[in-house]
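Colleague: Can you walk me through this one? I'd like to start with the pocket and then go on to the aromatic rings.

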Amino acid sequence: MSAIELLPMIDGQVRPIRITAQGEPYTDGQKRFWSPDDYFSGGRHAVYTGLVGGDVDPGVLAGERVGDFEYFIPEPPGAYRVTLFFAEVWFGAPNAGHQGVGARIFNVLLN
C-alpha cells in the first residue's frame with residue numbers, strides 16, 4: 001500500500017489525515033499535505049526507483065508498505081471515507097507483465 005487518506009464525513013469536525021509510505025512528509029500538486037509513514041506495526045518499507053503513472057500524484061505513490069502490517073491511526077469515533085492507494089510496480093508493464101489481473105489478492109479489515 002502506498003498511501004492512506006481519511007476524510008471525515010462531516011466537514012470541519014476533524015481535519016483530513018493523509019499518510020504516504022515514505023520517510024519524509026510530502027505536499028502534492030494540489031497543495032495537500034501527506035504525513036510520512038506512521039502509525040503502523042509490521043511490514044517493511046520499499047521505495048520505487050521509477051515514476052508511477054496514472055491519475056494520482058506520483059510523489060504520493062513513491063513508496064509502499066509491504067508484507068503483513070497494520071495501521072493504528074488515532075481518530076475520534078465517527079464516519080470517515082477511507083481511500084487506500086496502491087501502485088503496481090512489480091507485475092505488468094513495464095516489468096515483464098507475467099501476472100496481471102488477479103495477481104494481487106489481499107484482505108483489508110477496517111474497524
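Modeller: A definition to begin with: on a 1 Å grid over the protein atoms alone, a pocket is an open set of points where a 1.4 Å probe fits, with protein on both sides within 12 Å along at least five of seven lines, and lining residues have an atom within 4 Å of a point. This is a predicted model, so local features need pLDDT of at least 70 and side-chain atom pairs 80 or more, while totals for chains, interfaces and linings use all residues. Residues are numbered from 1 along each chain as its sequence is written, and side-chain values use heavy atoms, with hydrogens and water left out.

Colleague: OK. Which residues lie nearest the centre of the largest pocket?

Modeller: M1, F69, Y71, L84 and V108, out of 31 lining residues. The space in that pocket is about 1100 Å³, counted as the volume filled by probe spheres set on the grid points, which are joined across faces, edges and corners.

Colleague: And which strand gives the largest share of the lining?

Modeller: β6, with six residues. Strands here are DSSP runs of E, at least two residues long, numbered from the N terminus. β1 (3-8), β6 and β7 (80-85) each supply at least two lining residues.

Colleague: How many of the lining residues are nonpolar, polar and charged?

Modeller: 22 nonpolar, three polar and six charged. Ala, Val, Leu, Ile, Met, Phe, Trp, Tyr, Cys and Pro count as nonpolar, Asp, Glu, Lys and Arg as charged, and the others, Gly among them, as polar.

Colleague: Now the rings. How many aromatic pairs are there?

Modeller: Three in the whole structure. Rings of Phe, Tyr and Trp (its six-membered ring) pair if their centres lie within 6.5 Å; planes under 30 degrees apart are stacked, over 60 edge-to-face and the rest tilted. F40 and Y71 are edge-to-face, 6.3 Å centre to centre with 65° between the planes. F40 is in strand β5 (residues 40-47) and Y71 in β6 (residues 63-71), 31 residues apart.

Colleague: What about F69 and Y71?

Modeller: Their centres are 5.9 Å apart and their planes at 90°, so that pair is edge-to-face. Ring pairs join F40, F69 and Y71 into a cluster.

Colleague: Is Y71 buried or exposed?

Modeller: Buried, at 19% relative accessibility; the cut-offs are under 20% for buried, over 50% for exposed and partly exposed in between (1.4 Å probe, protein chains only). F40 is partly exposed at 34%, and F69 is partly exposed at 23%.

Colleague: Which side chain has a polar contact with the one of Y71?

Modeller: D37, at 2.6 Å. A polar contact is a pair of N or O atoms within 3.5 Å; within protein, one must be able to donate a hydrogen and the other to accept it, and residues adjacent in sequence count only if both atoms are side-chain atoms. D37 is in the loop between β4 (33-34) and β5.

Note on methods: Helices (H or I, at least four residues) and strands (E, at least two) are DSSP runs, numbered from the N terminus.
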